[in-house]
Amino acid sequence: MKRVRIVVCLAVVVLTLATSASADTFGTGNNQFIIDFVPISGSTNPTSGYGIVNNDYRMGTLEITNDQWAKFVTAYGTPTGDPSEAYDGDHVFTGTNVPTNYTSWYEAAQFVNWLNTSTNHQAAYKFTGTQGTSNYTLDVWQVGDTGYNASNPYRNSNAFYFLPTEDEWVKAAYWNGTNLQTYATKAGESLTQGDGTSGTGWNYWDNGYATNPLGPWNVGSGSEELNGTYDMMGNVIEWTESGEYTSDPFRCYRGGSYGEFDDSLRSSNRGDIYPDFESDQLGFRVASVPEPATLLLLSLGGLFLRRK
């Protein structure tokens, strides 16, 4: 009976950890900030198309903000490198808690690398040259590099934080455990208006709740989405890690922005652009592997269940 009690209690802890949001801390002192994550399970998947991810992972609950970006820059230095046009734009919208904008894919990649290296993890993306100079250049991981993954040479497989692939992004936004929804709305909630509990809809052009004047709102201001995220529809378009729409060197973007119509928010809508592109309608969010504690408890749960 005692062993049964242990199994039951452990199963409850595992289930709680596996289905609860979590927050990770970065920086120190006045320069400290957190990123909230929601867990996405790999146990179910679409049978075809986008959103097939067989492993568990975490998706950033919110888009990265100007405040988080500024604290990163204070610790890391202003991202620079080659090509120079990827680093030559300033934020158009400067509010502390609006999503960071006018950010190229290369800049987002350096932000993610710092999240890793500042917390003693492997950098996700390979840059050659000297950081902080004009010759700092993106490369791909090669055979012989620790953490090389032939199926995705952009991301080091030992990285803890990364930009989500298109499939990871789509699954977190639209997968309900049975099918990919057209929109990331929770059950019983309309696209334009919240249900009175989870918020007031989404920030896009033809939504009556969009901002006036036009622009992004503070992250998390609208309705909670299907899997616990906010603003995966509207506010700003978001970079994905690769997910090339055509071929290298394009990067896919998802989600639509404050300046687009509702068809841009659909799971079928996607686009691509060069990674040096910057726009006031373009930002990003961060994804991560599951928390180590969750993985440990899951493995222990299996052990106790086998030995009961």
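Student: Is K71 buried or exposed in this predicted model?

Tutor: Compare its relative accessible area with the cut-off, since buried means under 20%. K71 has 17% relative accessibility, so the residue counts as buried.

Student: Which residue forms a salt bridge with K71?

Tutor: Look for a side-chain nitrogen of Lys or Arg within 4 Å of a carboxyl oxygen of Asp or Glu. For K71 the partner is D67, and the closest N and O atoms are 3.3 Å apart. Both residues sit in helix α2 (residues 66–76), four residues apart, about one turn of the helix. D67 is at 24% relative accessibility and therefore counts as partly exposed.

Student: How many salt bridges does this rule give?

Tutor: The count is nine.

Student: Where do the partners K126 and D145 lie in the chain?

Tutor: Start with the contact: K126 and D145 form a salt bridge, with closest N and O atoms 3.0 Å apart. This pair links distant parts of the chain, 19 residues apart. K126 is in the loop between α3 (105–117) and β4 (127–128), and D145 is in the loop between β5 (137–138) and β6 (161–162). K126, at 18% relative accessibility, counts as buried. D145, at 25%, counts as partly exposed.

Student: What about E166 and R254: how many residues apart are they?

Tutor: Their salt bridge has closest N and O atoms 2.9 Å apart. The partners are 88 residues apart, with E166 in helix α4 (residues 166–174) and R254 in strand β8 (residues 251–254). E166 is buried at 4% relative accessible area, and R254 is buried at 1%.

Student: Which residues do shared partners join into one network?

Tutor: R155, E168 and E241, through salt bridges that share partners.

Technical notes:
Residues are numbered from 1 along each chain as its sequence is written. This is a predicted model: local features need pLDDT of at least 70, side-chain atom pairs count only at pLDDT 80 or more; totals for chains, interfaces and linings use all residues. Side-chain values use heavy atoms; hydrogens and water are left out. Helices (H or I, at least four residues) and strands (E, at least two) are DSSP runs, numbered from the N terminus. Buried means under 20% relative accessible area, exposed over 50%, partly exposed in between (1.4 Å probe, protein chains only).
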